[in-house]
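Please open the model in the viewer and keep the selection tool at hand.

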Amino acid sequence: MGAGVSRKAHNPVRATMAANSEISGADYSTLVATDITAASDTLVTDEDWQTKCVTVLDRTKFIFNMELQSDVRFVVPASFGLGRVIPAHKFILAISSPVFYAMFYGPVAETRNSFEILDYEYESLLEFFRFLYHDEVNLSESNVLQVLQLAKQYIVPSLVNKCTEYLRDFVEISNVFKFLVAAQTYEEKDLEDKYWKVIEMQADQAVTSEEFFTVERSVVESVVKRETLNIKEVDLFKAVNQWATRKVEKQERTPDGDLRRRIHGEEIVKAIRFPLMSQKEFAYVVVDSGILTVKEHGDMMKYYSNVSITSLPFSRVKRLRTDFLRCHRFLTYFRPYLASGDSYAYWFYGLGATDKARFSVNKPIRLRGVRHFGSIGNNYTISLQVDDVQYFPPNCLVKQSGRYASSEFKMDKTYIYAGFDVMFDCPIDLEEDCEYEIKSLINGPLSWYGDRGQNSVECHGVIFTFKDPLESNDRTNASCVLVTAQKFEERDLEDRCWKLIEMQADEAIDKWATTEIVKRRQTPTGPLQSQMLGEEIVKAIRFPLMSQAEFASMVLGSGILTNEEDGEQIFQLFKPNMTNMPIVQSLTRHRYRHHDSLHAPSYRQKNAGLDYLARDTSKWRCDRYGGNDKVKFSVNKPIRLRGVEHFGSIANEYTVNLKINCIEPYRKCLVDSL
């Protein structure tokens with residue numbers, strides 16, 4: 001039988017199945033099913049789809065959620081009497097799940113071809129089937145728990161692993177209790193342990209989340225019985241009391257002390273460590289709640305009054321607290337102030353400028369948050385992002401935003417400063433010897449600031465190496481801030497941005513073109529870069545100023561220049577007097593120095609009885625009689641030397657004849673400049 005005949009014969013059958021489906025709301029569902037059938041028929045009629053699918057996986061993907069050759073249907077009821085259908089294939093389901101195999105091919109196999117699914121949402125069931133057909137699944141916070149339940153119910157362990165991996169990475173304070181309950185229900189011990197660690201570490205935030213107020217009593221009891229909790233006991237009591245109040249209100253009753261006590265149960269009340277509270281906290285929070293009995297109040301009064309008690313009904317053992325390890329970069333701190341006249345000292349936020357810090361670590365660590373400077377009693381709005389900058393474009397690891405109150409902190413019991421912590425909902429793991437960048441867009445009042453920032457800091461065996469973003473490969477910040485500076489007419493800031501761009505223009509131009517091409521979902525190539533830059537920019541680049549090696553390695557054959565321009569530049573390198581160059585050829589651009597990497601010894605410094613270049617211990621004299629100032633040096637890595645800074649005096653001019661010689665293995669003049 002020909003393929004075309006088979007298709008035509010099958011179409012009426014499937015159309016009839018669609019019209020006679022068991023779904024409530026027949027008009028809507030028939031329309032949906034007919035649309036699927038029509039689309040399927042069109043695909044099959046227009047092309048031999050089997051020949052286009054190279055692998056078995058390609059073929060199962062093709063027929064996923066299609067009526068083509070389907071022999072079973074799953075109906076998910078929906079609101080307003082409508083339902084949604086997922087067509088499937090018994091054979092594919094059976095080879096993916098032992099439960100489906102028993103259902104369709106076992107001794108007591110089902111004879112029905114349509115099944116109504118009441119316990120799962122359509123999106124979750126669809127993703128479950130997608131995995132069986134695609135070996136892929138699109139998980140989200142809204143569907144992952146139901147997909148996990150389906151994977152458990154139908155015994156698909158590979159999908160169970162996918163779900164648990166997602167849950168392990170996705171946990172946040174706002175949903176940790178929901179996922180904790182799920183991990184307990186599905187007996188995922190590793191997940192449960194991870195969630196308990198998150199709760200212990202950030203208990204003060206966890207017990208004030210909306211999810212906490214919806215959990216069962218057993219979960220609350222487990223929380224208050226934990227030996228390790230990062231929370232004040234009075235705040236823990238407030239949260240538990242609020243949980244009981246919500247439960248009472250849900251019963252449409254007026255919450256009072258007795259009702260809340262019954263909701264709590266004796267186990268929870270006895271697990272609260274009231275003696276860890278101050279007398280003031282106990283009096284203002286606990287006494288007024290009416291949770292405790294008169295006798296318990298009396299025992300606590302005796303405790304606070306240091307009166308002997310035979311036995312106190314509440315534990316006095318302090319809970320363990322998990323302290324965060326902190327890395328402090330700055331050695332000194334300064335408060336913001338405005339003095340008379342033009343005298344000022346402060347750090348300001350705003351104008352759209354982003355504060356950045358680039359760093360690396362020598363060991364893998366888990367980063368839980370970042371502390372920012374602020375001022376006491378003020379609030380700050382912040383949008384923070386941490387990027388892995390070893391990739392292009394950078395890979396965003398975490399984003400966190402919100403409004404934070406600044407408070408006072410102490411550093412080594414010596415320095416006091418103001419700031420606020422931005423803690424991540426889910427900590428991020430950092431690898432060793434990889435560069436990361438913290439970017440914070442902050443709005444708020446003037447703040448404290450740090451000084452004498454260290455380039456390298458050792459913290460509990462981990463070495464943090466900091467790098468100024470303005471000296472790194474990041475060019476976008478200068479360009480973005482430049483636009484903002486021009487908009488607000490901040491001339492000094494604009495000049496700084498231009499200086500940075502001029503220092504790093506060679507790499508910035510190439511990176512800009514590459515970024516624009518990537519945004520268009522294209523692969524960066526020479527012709528595309530040339531097209532993106534445009535003739536004006538390409539002609540303005542002074543290729544003749546490059547060395548032969550630079551031109552050969554970076555430009556030649558890249559496609560940025562035409563073949564004719566490549567040839568003319570090659571001849572120019574060999575014949576410097578060649579004229580009529582289409583590429584801009586002019587004097588060397590003025591350049592800014594990059595790093596003060598080499599310093600001659602101070603004229604007052606002595607070593608082994610010798611004065612370095614010091615003809616006079618009180619002044620430095622430029623010898624007009626031919627004396628030369630010299631310094632020998634070496635470097636342990638290849639560098640590009642852009643110039644040498646000399647001492648002078650203000651408003652005076654000097655004539656310098658500078659030479660740089662390579663003296664090993666033989667003397668060779670590298671630079672001769674007047």
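Select F212 first: leaving aside residues up to four places away in sequence, F212 touches F177, A206, V207, V220, V223, A239, V240 and W243, where contact means heavy atoms within 4.5 Å. This is a predicted model, in which local features need pLDDT of at least 70 and side-chain atom pairs count only at pLDDT 80 or more, while totals for chains, interfaces and linings use all residues. Residues are numbered from 1 along each chain as its sequence is written, and side-chain values use heavy atoms, without hydrogens and water.

Buried means under 20% relative accessible area, exposed over 50%, and partly exposed in between (1.4 Å probe, protein chains only). Domain 1 (49-170) and domain 2 (208-305) each supply at least three residues to this core; the domain bounds come from an automatic or database assignment.

Now select Q400, in strand 10 (residues 395-405); strands are DSSP runs of E, at least two residues, numbered from the N terminus. Is Q400 buried or exposed? Q400 counts as buried because its relative accessibility is 11%. Beyond residues up to four places away in sequence, Q400 touches I382, S383, L384, V422, M423, F424 and D425.

Finally, select V644, in the loop between strand 18 (610-611) and strand 19 (658-662). V644 is partly exposed, with a relative accessible area of 46%.

Notes. Helices (H or I, at least four residues) and strands (E, at least two) are DSSP runs, numbered from the N terminus.
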